[in-house]
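Student: Hi! I have a structure open and I'd like to go through it with you. Can we start?

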Amino acid sequence: MGDSSGIKPFLCDTIDKANIRNEWQKWIRSFRLYLDSEIIAGQTRKRNKLLHLGGSQLQEVAYSIPGAVVDEEESFDILVGKLTEYFSPIQNSTFERHTFRNIKADKGETLNKFLLRVRQQASKCIFGSTSEEALEINIKDKLIDDWAPVELKRKLLEKERPLTEIIDLCQIHEQIKTQTNVMDAYPVGMPSTSSSVNKINVNATMKSCGRCGSVRHDSNFERCPAKVAKCYKCDRVGHFSIKCHTKSQKRPQPRSANTRYNKRGRFSSSVRYVDNPDDPESGNNDRDSDKNYECFKLNVAKERTDQRDELMECCVGGVPVTLLIDSGSKVNIINGSDWKHLKSNEAVVWNVESDVKASLKSYAVGQPLEIQRQFETTIMTPDKKEIITSFLVVKQGDISILGKETAQRLGVLKIGLDINRIVEIQPFPKIRNVIVQLSIDQSVKPVQQPLRRVPIAIEPLVQRKLEEALQRDIIEPVEGHSPWISPIVITFKADGDIRICIDMRRANQAILRENYPLPTFDTIMTKLAKANYFSRLDLEWAYHQIELDPESRPITTFITHRGMFRTRGCCSG
């Protein structure tokens, strides 16, 4: 006999979380009216009637709340109280007033319906009982709505706070933000005066750093960029060439059959040589004048920037500059026009040297390029990765160059055999000619369980596992109706990865057990009495290797935040 109460089941899983409290209040009000009209008395009868009319989703919630369904005298009142607490999150008066002020009439909505919505929302708001209290409430709402950043809003909405406390928190947040910006711009030990910001040329009158020459810190500064830099003069790590105290030593020139002499009988040779490549003193301590660099090209065709993959816009000293990624160049190069652009925009650079004796040649060009200066600065990619590096300024060229070493450190250039490798995902192997058909008890009514939501933080991990299982042909998507639906349970492995498990307890009740005699330990040991060799096999995902018959797969259907799937093989458990 059908139910004639007229009360629909409370579908809590399909109701928007922002409206679930109001919907629950409406539903429980209708249910109480039904109890009064039918003269249903007794706490146990009321409780059972609520669970019956509430539907399977409400039952799932009720039985999952500890202490909600109990056999006591006040069982109905306890159940209603637990459910009301579950469906009624903690209210925040500021948020409720914000919602009230943003209520707008829907298209075609009548005055009575709109007035009803306004009255319902107004009943949740606290506007103040006196003019002073109302004034404080309006000031507090204005600070939270229009001034507080997102991260501060979260803190202010955690609980009800008086106006004085909100003002104090806003002032503290503003002060911390200012101090953080100063600390990010100036490392510890570096003065933050406005006269030392955004300068290209620094003529220091105070004591400078003995490692990099900067006047903003001394030699003991932990974050000095020269501590990990390599000197161009002596090839030693720990200082820049401008602060190198190594004296250049003239090397005796060897005489051989290829030695040439000028008119005065003096040795003359334009060929650079190395007596012993393993000897650190044979050529590794050259001065800047002995350094010869090559770059691929400085002149590029006029093409659209978005059609050239090797062009990238980076922030050099805080100023955007378009750079060409050159894997054939060992140094970073700024052309004359970009150098003027940096100076005009007051880029942050240091260790500017005008007397640079390094040699730089462009590919297939005999004449060396004119190096005007060298400087140190920061470079940041569009993905916010930032490092400290050095640049050479040349007069020629219409494009600046990002060298190989710097590009690799920034992660924008990768060289090796593993780049752009196509990995073919093989389907998961199945045991040949073996298809299992499950024995299902048709008298057991199928159960469609609701979705068990997983934390948002691990949803990408769940999505990755599902895509991997789909690509390996372990699961398949389910479209349309499914008589059986089981939820998933997420467990964490020791290495931080996750494992997706299916709660098949309700489905297992419909599986008919097949009796098969399992061997005992004594039987196995008796058969191994004369064995000489022993081995151990560990099958990977052993149950998935046994393929299920298509007619038996619907009972393995499970639901996730990405939809429903079912397994193509047997499930463990």
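Student: Is E346 buried, partly exposed or exposed?

Tutor: This is a predicted model, and in it E346 counts as partly exposed, because its relative accessibility is 44%. The cut-offs are under 20% for buried and over 50% for exposed, so 44% falls in between.

Student: Okay, and where does E346 sit in the chain?

Tutor: E346 is in the loop that runs between α9 (336-344) and β7 (349-353).

Student: What's its phi like?

Tutor: E346 has a positive phi, about 55°, even though it is not a glycine. For background, most residues other than glycine have a negative phi.

Student: What is the phi of N351, then?

Tutor: N351 also isn't a glycine, and its phi is positive at about 55°. You'll find N351 in strand β7.

Student: And is N351 buried or exposed?

Tutor: N351 counts as buried, since its relative accessibility is 11%.

Student: Let's switch to salt bridges. How many are there in the whole structure?

Tutor: A search of the whole structure turns up 16 salt bridges.

Student: Can you walk me through one? Which residue does D146 pair with?

Tutor: The side chain of D146 meets that of K142 in a salt bridge, with 2.8 Å from N to O.

Student: Why are D146 and K142 separated by about one helical turn?

Tutor: Because they are four residues apart in helix α6 (residues 131-147). As for the surface, both D146 and K142 are exposed.

Student: Which other residue does D503 bridge to?

Tutor: D503 forms a salt bridge with R505 too, where the closest N and O atoms are 2.8 Å apart. R505 is exposed, with a relative accessible area of 60%.

Student: Which residues are linked in a network of salt bridges?

Tutor: That would be D473, E476, E547, R553, R566 and R568.

Student: New topic: how far apart are H98 and D141?

Tutor: In sequence, H98 and D141 are 43 residues apart, and in space they are 7.7 Å apart from C-alpha to C-alpha. H98 belongs to helix α4 (residues 93-101). With 31% relative accessibility, H98 counts as partly exposed.

Student: And how far is K8 from L53?

Tutor: K8 and L53 are 45 residues apart in sequence, and their C-alpha atoms are 7.0 Å apart in space. K8 is in the segment before α1 (20-38), and it counts as exposed at 68% relative accessibility.

Student: How many cavities does the search find?

Tutor: The search of the whole structure finds two cavities of 30 Å³ or more. The idea behind it is that rolling a probe the size of a water molecule over the atoms shows where empty space is left.

Student: What lines the second largest cavity?

Tutor: Its lining is N92, T94, K140, I144, L156, K159, E160, R161 and I166. The second largest cavity holds about 40 Å³ of space.

Student: Back to the surface. Which residues form a nonpolar patch there?

Tutor: F521, I524, M525, L528 and F534 form one, and together they have about 530 Å² of accessible area. One of them, I524, is in helix α13 (residues 521-527). I524 is partly exposed, with a relative accessible area of 38%.

Student: Last one: what does UniProt annotate at residues 230-244?

Tutor: The unreviewed UniProt entry has the annotation "domain: CCHC-type" covering residues 230-244. In the model, the chain over residues 230-244 is 0% helix and 0% strand, and its end C-alpha atoms are 11 Å apart.

How values were computed: Residues are numbered from 1 along each chain as its sequence is written. This is a predicted model: local features need pLDDT of at least 70, side-chain atom pairs count only at pLDDT 80 or more; totals for chains, interfaces and linings use all residues. Side-chain values use heavy atoms; hydrogens and water are left out. Patches are made of residues with over 30% relative accessible area and no salt bridge: like charges are joined within 9 Å, nonpolar side chains (Val, Leu, Ile, Met, Phe, Trp, Tyr) within 5 Å. Accessible areas come from the Shrake-Rupley method with a 1.4 Å probe; for residues, only the protein chains shown count as cover. A salt bridge is a side-chain nitrogen of Lys or Arg within 4 Å of a carboxyl oxygen of Asp or Glu. Helices (H or I, at least four residues) and strands (E, at least two) are DSSP runs, numbered from the N terminus. Buried means under 20% relative accessible area, exposed over 50%, partly exposed in between (1.4 Å probe, protein chains only). UniProt positions are given in the numbering used here, feature names are shortened, and annotations may be inferred rather than shown by experiment. On a 1 Å grid over the protein atoms alone, a cavity is a set of points where a 1.4 Å probe fits but cannot get out, and a pocket is an open set with protein on both sides within 12 Å along at least five of seven lines; lining residues have an atom within 4 Å of a point. Grid points are joined across faces, edges and corners, and a volume is the space filled by probe spheres set on the points.
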